[in-house]
Number of protein chains: 2
Amino acid sequence: MRLASNEFLPLGSVKIKDGFWSRYQDIAKNKIIPYQWRAINDQIPGVEPSRAIANFRVAAGLEEGGFGGMVFQDSDVAKWLEAVAYRLSIDPDEELEKTADAVIDLIGQAQEEDGYLDTYFQIEEPDKKFTNLNECHELYCAGHMTEAAVAYYEATGKDKLLSIMRRFVDLIDRKIGPEEGKLHGYPGHPELELALCRLYRATGEKRYLDLCAYMINARGTKPYFFEEELEKRDHRAFWGGGRQEHVDLKYNQSHLPIREQKEAVGHAVRAGYLYTGVADLAAETGDAELMQAAETLWNNVVNRQMYVTGAVGSQVWGEAFSFDYHLPNDSVYGETCAAISMVFFARQMLRSHPDRRYSDVLERLIYNGTISGMALDGEHFFYTNPLAVWETATRHAGVTRHIRSKRPGWFGCACCPPNLARMITSLGGYIYSASADTLYVHLYIGSEASFELDGKTVAISQSGNYPWDGELTFKPGAGRYTLALRIPGWARSYVLRINGREVHPALEKGYAMLPGTWEDGDTVTLTLPMPVEFTEANPLLRADDGRVALTRGPVVYCFESADNGDALDALRVVRPSDFEPETDPSLFPGMTALTGTAKRRTDWTGDELYRLSDGDDEKTVPVRAIPYAFWGNRDDTREMAVWVRK
Amino acid sequence: MRLASNEFLPLGSVKIKDGFWSRYQDIAKNKIIPYQWRAINDQIPGVEPSRAIANFRVAAGLEEGGFGGMVFQDSDVAKWLEAVAYRLSIDPDEELEKTADAVIDLIGQAQEEDGYLDTYFQIEEPDKKFTNLNECHELYCAGHMTEAAVAYYEATGKDKLLSIMRRFVDLIDRKIGPEEGKLHGYPGHPELELALCRLYRATGEKRYLDLCAYMINARGTKPYFFEEELEKRDHRAFWGGGRQEHVDLKYNQSHLPIREQKEAVGHAVRAGYLYTGVADLAAETGDAELMQAAETLWNNVVNRQMYVTGAVGSQVWGEAFSFDYHLPNDSVYGETCAAISMVFFARQMLRSHPDRRYSDVLERLIYNGTISGMALDGEHFFYTNPLAVWETATRHAGVTRHIRSKRPGWFGCACCPPNLARMITSLGGYIYSASADTLYVHLYIGSEASFELDGKTVAISQSGNYPWDGELTFKPGAGRYTLALRIPGWARSYVLRINGREVHPALEKGYAMLPGTWEDGDTVTLTLPMPVEFTEANPLLRADDGRVALTRGPVVYCFESADNGDALDALRVVRPSDFEPETDPSLFPGMTALTGTAKRRTDWTGDELYRLSDGDDEKTVPVRAIPYAFWGNRDDTREMAVWVRK
């Protein structure tokens with residue numbers, strides 16, 4: 001029995017009209033996608049050529065030359081196509097579609113007779129295909145291109161790329177599996193797993209789900225495939241080219257069978273993609289034990305290893321998780337892509353369990369630790385998303401040398417910008433889900449949508465000024481169904497009204513359940529008061545003891561030196577809080593800043609580093625916090641802090 | 001005119017009789033020196049052979065074989081000989097002296113005709129001598145062996161090793177210098193500079209001081225010697241063997257002429273040894289500008305880059321300084337040898353300026369960040385000396401993977417234990433200094449000493465139970481001179497009595513000046529009240545904002561999980577402080593622990609990582625702090641913290 005109890009409304013049936021997200025979607029449409037197109041076509045002056053499209057031309061025999069870029073360069077083309085597909089879903093564009101069609105034609109020309117498609121191996125090492133699943137990203141690229149194929153098919157109805165990828169996946173299916181003579185392998189960088197679930201749903205072909213199940217269940221079993229593979233390669237490492245004794249199995253979560261993994265370890269993006277595939281596979285196959293494994297890992301991430309912004313991956317070493325409650329704010333990695341992978345994971349958990357434990361985290365992610373990766377100009381990007389920055393330390397201290405205090409432009413290894421593009425353009429697919437008799441509203445994003453109920457199409461819309469304001473209005477279309485509205489965990493209270501009359505429905509796992517026979521013209525309003533809150537951390541989270549983060553609704557705030565001077569750790573906020581919201585559109589339309597006062601040490605006039613204390617002499621100073629996602633958008637980025645002393 | 005205004009009493013005329021330091025000297029005599037002897041002779045089972053003595057036998061033609069150990073392995077023999085020399089100064093031992101004489105004979109046999117002496121190059125690369133001053137430690141080893149030679153000569157009157165090293169230094173003098181045809185070079189790892197000053201004082205030969213002056217003044221001038229040297233080697237790197245494009249000049253302080261250096265940068269031990277040589281050279285030559293350079297660097301280290309324990313080197317990258325006010329407590333390097341190098345630097349500054357600015361730091365160093373490197377059993381050692389430890393993080397987080405929470409045994413690269421041995425055995429040479437008419441007491445270490453005044457020998461003694469108690473008694477021998485007693489910067493008040501009568505002398509740079517015609521039997525007492533203090537840091541030192549360190553007298557305290565449970569950051573100390581000293585000899589005879597209460601968060605019962613705050617619910621809990629130097633001497637070393645929240 002499938003565990004998926006509800007399905008998200010498809011992107012094509014949701015239209016976002018939202019003060020906050022429409023602007024982000026415009027940025028994705030008008031900045032990221034066109035910029036990325038020029039990037040993969042080597043048209044950005046001063047930036048090292050990507051060669052991503054050129055590689056396909058070389059593989060297709062249309063151009064002479066070698067392979068350029070990273071071994072996973074093909075995935076940049078895939079991510080662009082996937083973002084284009086979503087963009088076409090929400091806003092058709094004939095010319096863009098033609099461009100995409102031409103790229104797909106090129107990909108078809110590059111594909112080999114037997115279905116093989118990976119331009120690195122085709123151009124550089126044609127005799128080494130499938131010999132280094134651990135390091136060489138063949139299956140990772142196949143996963144991204146499969147996601148693009150499904151998205152493009154769903155957006156346009158065109159199945160050319162889908163057919164291409166089915167042929168490649170069929171080849172992979174002939175090469176990898178439990179049977180003797182096949183490789184008992186799986187992706188070094190998980191991604192194909194979740195793509196196979198999507199391919200299964202798009203095509204109805206069960207063997208894609210079976211291949212996914214094989215890869216997920218074989219992972220981490222003994223003898224370790226990646227160790228055997230290394231031995232077969234005479235211990236030759238791809239990266240660096242030297243001799244490698246052992247594989248760091250934890251790095252890519254292949255150290256244990258997934259059902260025995262209790263803690264998130266290793267490279268955070270790999271983990272997020274793997275867990276997403278695990279949750280999806282469990283939902284589709286009804287494998288309750290596997291779902292429990294996903295749940296265990298979800299809980300570990302969310303209750304032990306996730307920053308208040310939703311960022312994950314607390315260390316630069318391996319861009320990885322470290323261990324429970326170890327969440328340093330300054331030396332964190334917090335890769336944008338890793339936060340996005342948690343968005344995917346949350347969505348898959350919600351399909352089986354409509355529970356605000358998942359949707360609250362989803363909301364935390366989309367308003368904070370994901371979009372913090374992009375400047376408000378849509379042209380500069382962070383890989384790392386720290387919660388405390390001291391600009392000097394990013395230049396002079398090894399511990400934070402991976403941190404940037406200003407977002408640079410497009411990167412050579414360009415994973416995060418296109419990942420943001422596909423998250424933002426596909427966001428419509430995260431707002432609503434429907435079961436047989438219930439329509440869930442997971443996110444409060446102004447939108448119009450429609451869903452099928454007993455063979456009829458029902459419309460629903462919501463509007464408001466979220467996340468700056470908690471007054472929300474819903475227009476449920478006519479029909480007999482339960483409208484389920486998430487009551488966020490951050491809301492201390494709420495008021496629900498149906499056609500003006502206050503109601504007090506039951507909460508089910510954090511959702512207010514409003515059963516009814518709705519009529520056109522009905523109005524439901526939800527009021528979520530949004531006072532400025534001090535959010536605190538579990539005392540076991542050593543880095544945040546004695547500190548609070550300012551939050552309001554789903555938005556996490558930060559203090560920047562531009563508003564508050566240097567040495568932000570010398571500030572201390574006090575109770576009762578006098579922070580008030582203040583609308584300030586200078587950075588972003590409708591943005592709400594928080595203004596109030598704090599205490600600052602002012603009694604230190606000498607040059608000495610230490611002295612005997614005679615108690616504190618503090619001055620009350622005005623301070624100002626802005627949404628964390630918008631930090632680093634002004635010239636002065638000397639210091640930033642989310643957690644301030646109390 | 002020399003700047004050195006006072007000279008430390010030589011080791012041979014000071015006898016330490018002190019509850020605290022006599023025990024450390026016993027450990028050095030009975031544990032470190034014998035253990036190191038076995039280590040350099042490859043007699044420690046289970047430890048990789050040092051080969052240090054064997055290398056000399058091979059170089060001398062007494063044994064077949066290759067070179068073993070690090071390129072600077074010779075320095076281990078030098079440090080052992082130097083420690084033995086000090087040990088013989090304070091406590092003669094005929095058998096040990098015979099053993100040392102035999103080693104010196106062996107060194108003489110290994111020396112080449114022209115004076116050359118470095119077993120790595122003699123055995124492995126005889127044609128590469130003086131071609132890689134930057135990386136290969138030839139001059140560094142020469143420096144250590146020269147220090148040993150001077151110390152052995154001063155301890156025993158035997159000049160064989162001194163002659164050996166004079167021949168080698170004479171060779172270096174012929175190879176290096178400003179003249180055409182000579183190398184315009186200097187040590188990659190400073191050390192020879194300070195040794196040349198000692199050699200100059202021991203021999204009276206001015207050319208040793210001139211060679212030191214050349215090396216110090218040439219350092220960092222353009223064209224950069226190490227860059228030119230690299231080019232001559234066709235960019236071949238010694239470490240790793242690959243091609244090296246550029247030299248990291250800041251790493252070894254060769255990026256600027258020393259007179260233009262305003263901030264301590266690079267490898268902290270290199271810096272400390274260099275600055276010591278600079279201060280010594282300036283004192284001997286009367287070069288006021290050079291002394292100003294030393295003063296500038298001293299101030300930068302002490303007022304911007306030194307931990308409250310005296311540790312320096314805030315990062316593992318390059319075991320180096322990072323930048324002003326960047327002193328993370330957990331990811332610090334704080335190498336034991338670096339703290340010891342600051343002891344040397346302080347001593348040289350004191351020779352020109354009797355000022356408690358230097359001696360307070362000297363005291364901070366010897367009671368805290370140096371001896372923390374050694375377990376109380378004398379057999380286990382830390383390289384790194386963190387101020388906050390979370391044992392799990394030392395295993396699972398890259399940022400603290402260089403940190404140990406328990407002291408391991410002797411290391412392959414054994415720099416710190418013998419450095420501690422020579423500091424501890426030579427400590428008598430740091431207590432007193434004399435100018436023409438003044439005897440300075442810099443450290444309060446129970447001892448008997450004698451000094452020359454107008455051709456007569458005057459005795460002086462001091463006794464007390466320092467650092468646990470501030471009642472000190474001095475017995476100045478007969479004569480007309482000023483007794484200058486340091487009033488520590490940590491003392492809020494003090495009482496001085498001469499033969500029981502309270503006196504109120506003038507303070508000169510922190511020293512109470514007691515001029516007088518002393519008579520045998522006179523007694524001076526100094527009472528330094530030692531309440532438990534909260535020490536606080538400059539607000540610009542971000543890592544310590546909102547925190548205090550408990551101190552009492554010169555001793556910095558720490559909290560360990562063995563006494564206070566886990567999550568030490570969840571503790572908060574409050575004013576007024578109820579901490580009281582408590583004698584607890586379980587770890588160390590006479591040790592004073594501090595007991596009191598703190599607040600601990602106890603209101604968090606859920607599993608969640610974050611929540612909206614409703615204010616704190618704290619419980620008062622008993623807590624206990626022990627001297628920082630003694631941390632990590634019990635089985636349970638899960639967590640330790642010097643700076644606690646207030």
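In this predicted model, the two copies meet through the same surface, because 100% of the interface residues of chain B are also interface residues in chain A; contact here means heavy atoms within 4.5 Å. Two copies of a chain are related by a rotation about an axis and a shift along it.

Residues are numbered from 1 along each chain as its sequence is written, and chains are lettered from A and ligands numbered from 1 in the order in which they are written. Because the model is predicted, local features need pLDDT of at least 70 and side-chain atom pairs count only at pLDDT 80 or more, while totals for chains, interfaces and linings use all residues; side-chain values use heavy atoms, with hydrogens and water left out.

Chain A contains 17 helices and 24 strands, where helices (H or I, at least four residues) and strands (E, at least two) are DSSP runs numbered from the N terminus. For its 646 residues, a compact globule would have a radius of gyration near 26 Å, and the 25 Å of chain A agrees with this; the radius is taken over C-alpha atoms, and the globule rule is 2.2 Å times the number of residues to the power 0.38. Along the principal axes, the C-alpha atoms of chain A fill a box of roughly 75 × 70 × 50 Å. The accessible surface of chain A comes to about 22200 Å², with 48% of it belonging to carbon and sulfur atoms; such areas come from the Shrake-Rupley method with a 1.4 Å probe, and for residues only the protein chains shown count as cover.

Of the 646 residues of chain A, 64% count as buried, a term for under 20% relative accessible area, with exposed meaning over 50% and partly exposed in between (1.4 Å probe, protein chains only). Among the contacts in chain A with a separation of 6 or more, 71% are between residues 24 or more positions apart. The largest nonpolar core has 465 residues, and those with the most contacts inside it are A:Trp21, A:Leu81, A:Phe630, B:Trp21, B:Leu81 and B:Phe630; a nonpolar core is a set of buried Ala, Val, Leu, Ile, Met, Phe, Trp, Tyr and Cys residues joined through side-chain atoms within 4.5 Å. Residues up to four places away in sequence being left aside, the partners of A:Leu81 include A:Ala100, A:Ile104, A:Met145, A:Tyr152 and A:Leu161.

Chain A is divided into domain 1 (50-249), domain 2 (257-429), domain 3 (432-466 + 470-527) and domain 4 (533-645), with bounds from an automatic or database domain assignment. The centres of domain 2 and domain 4 of chain A, taken over C-alpha atoms, are separated by 24 Å, and their contact takes 26 residues from domain 2 and 27 residues from domain 4.

Most residues other than glycine have a negative phi, and most peptide bonds are trans. A:Pro467 is found in the loop between strand E7 (456-464) and strand E8 (471-476) of chain A and counts as buried at 0% relative accessibility. Not counting residues up to four places away in sequence, A:Pro467 touches A:Phe20, A:Tyr367, A:Met530, A:Arg552, A:Pro554 and A:Val555. In chain B, a cis peptide bond with omega of about -5° joins B:Arg575 and B:Pro576, and B:Pro576 is found in the loop between strand E18 (571-572) and strand E19 (580-583).

B:His235, which is not a glycine, has a positive phi of about 65°; B:His235 lies in the loop between helix H10 (225-232) and helix H11 (268-285) of chain B and, at 15% relative accessibility, counts as buried. For B:Asn499, phi is likewise positive, near 50°, but B:Asn499 counts as partly exposed at 46% relative accessibility.
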